[in-house]
Amino acid sequence: MTGRKVRWGILATGGMAERFTADLVDLPDAEVVAVASRRAESAKAFADRFGIERAYGDWESLARDEDVDVVYVATPHSAHRAAAGLCLEAGRNVLCEKPFTLNLREAAELVALARERGVFLMEAMWMYCNPLVRRLKALVDDGAVGEVRTVQADFGLAGPFPAAHRLRDPAQGGGALLDLGVYPVSFAQLLLGEPSDVTARAVLSPEGVDLQTGALLAWEGGALASVHCSIVGGTANAACVTGSAGRIDVPDGFFFPERFVLHRDGRDPEEFTADPADGPRASLRHEAREVMRAVRAGETESPLVPLDGTLAVMRTLDAIRERVGVRYPGEEPAVTPV
C-alpha cells in the first residue's frame, strides 16, 4: 500500500456515512472507491453525490471487492455485528461505528474474528483520536491534577423523539445509552480504565428503551465517575476531571472539544485550545488518518482505540443495561453484567 492512496468502501448511506465520506474525499491520501446499501438506488444516489466508482445493492459485493482496503461500517448499531462480520470474514479491514455492537457478546465475536483473520478492526470512537482529547489524557497521565478522584460527563439531546424514531425502537438498539451514553462512559474509561463496580438508574419509554440514564462507576483505587445521557433533555455535554491537586473543565462538547481549562492548586488557570484548522468535527479526519496509518503499517488494531478497551466499554454498557432493565429483542442471554 506504500505510495498509493488507501481505498475505502462505505457500507450504508445514512447521515453518518455522508459526514465521514465528505471528510474522506478531502484527504489527499484517501480514495473512496465503492459504496453499498441494501437498496441499489440508495447506493447509486450516494455514489453519484460523492463521485464513487462502484455502487452495490448488497453488502456481500462490497465485502468481496478486492480493490477495497478498508470498509467503514455505518449501519444502525443493531446491524454492526452482521455487517462488520461479513467484511471481516472476507478479509477486509474494518472501521465500525460506535456503539461497536449491541452488547459484549457481539463485540467479542467481532474481535475474535478479526484476530483470527489477521485483519485490522477499530471502533469509530473518534473522540479518542481528537488531538485535544489526547492532550487532556496526557496531562492526566502525567499527574497534572494529581490522583484522579472523580470524572463527570453528560450527553443529552432535547428531543422529543416520536415513538417511531430509531432512538426509541428496541429492534434498532434504541435508547439514550448506546447512542449517547457510550461517549461519557468511553471518556471515563479513557482516563481510568474499566470500573470494578457499576450502579445505574434510568427512565424507560413505553417501548422499553432508556429515555435517560445515570450511572455511577467505581474503581478499586477510590475513583468515581458520574455519567449521564438523555434523549429527553438537552444537557451541557460537558465533562470535568477532578484530582487530588486540581481539575480539568471541558465546558462544552467534550467529545470534540474546542477548549478545556486546567486548574491547578496555587496556579492561574491554563486554557488549552484546538488548532483552528481542525474545526469542531475534524475528529473524523483524525480518525481516518489513524486507520490509514495503522493499515499501512500492517497493524491489526490502533493503539489509540485498542480492541480490549472497546470490549471493556461494552462490558460497562451491558452492566448498566442489566441494572436498569433494558434488553433488546432476541438478545437474551447476550447481556453479561460485570
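In which sense do strand 4 and strand 5 pair, and over how many bridges? Parallel, over four bridges. One of the residue pairs there is Tyr72 with Leu95, its bridge partner in strand 5.

Before I go on, a caution. This is a predicted model. The protein chain averages a pLDDT of 94, and 96% of the residues score at least 70. Residues 334–338 are the stretch to watch: their pLDDT is below 50. Even so, that stretch has 16 contacts in the model beyond near neighbours in sequence.

Back to strand 4. Strand 1 also pairs with strand 4, in the parallel sense and over four bridges. Look at Leu11 here: its bridge partner in strand 4 is Val73. Now the faces. In a regular strand, side chains alternate between the two faces of the sheet. Strand 4 is covered on both: Val70 and Tyr72 are buried on one side, Val71 and Val73 on the other.

Next, helix 1, residues 15–24. Which of its residues are buried? Met16, Ala17, Phe20, Thr21, Asp23 and Leu24. They cover an arc of only 160 degrees around the axis, so they sit on the same side of helix 1. An α-helix has 3.6 residues a turn, so residues three or four places apart point the same way.

What covers that side? The cover includes strand 1, strand 2, helix 2, strand 4, strand 5 and helix 8. From helix 8, take Val295. Is Val295 buried or exposed? Buried: its relative accessible area is 9%, and the cut-off is under 20%. Val295 and Leu24 are 271 residues apart along the chain, and their C-alpha atoms are separated by 15 Å.

On to helix 7, residues 176–192. Helix 7 has 17 residues and spans 23 Å from first C-alpha to last, close to the expected 24 Å. Where does helix 7 bend? At Val182, by about 45 degrees, with a proline, Pro184, following within four residues. Helix 7 is mostly covered, with 16 of its 17 residues buried. Just after helix 7 comes Gly193, with a positive phi of about 80 degrees.

Last stop, a hairpin. Strand 8, residues 197–204, and strand 9, residues 210–218, pair in the antiparallel sense over eight bridges. Arg201 stands opposite Gly214 in strand 9. Five residues lie between the strands of this hairpin. There, Gly208 takes a positive phi near 100 degrees.

Conventions:
Residues numbered from 1 in each chain as written. Heavy atoms only, no water. pLDDT = per-residue confidence, 0-100. Contact = heavy atoms within 4.5 Å. Helix = DSSP H or I, 4+ residues; strand = E, 2+ residues; numbered from the N terminus. Expected span 1.5 Å × (residues − 1). Bend = angle between axes of the 7 residues up to and from the residue. Buried < 20%, exposed > 50% of the residue type's maximum accessible area, 1.4 Å probe, protein only. Arc of directions from axis to C-beta. Pairing = 2+ DSSP bridges.
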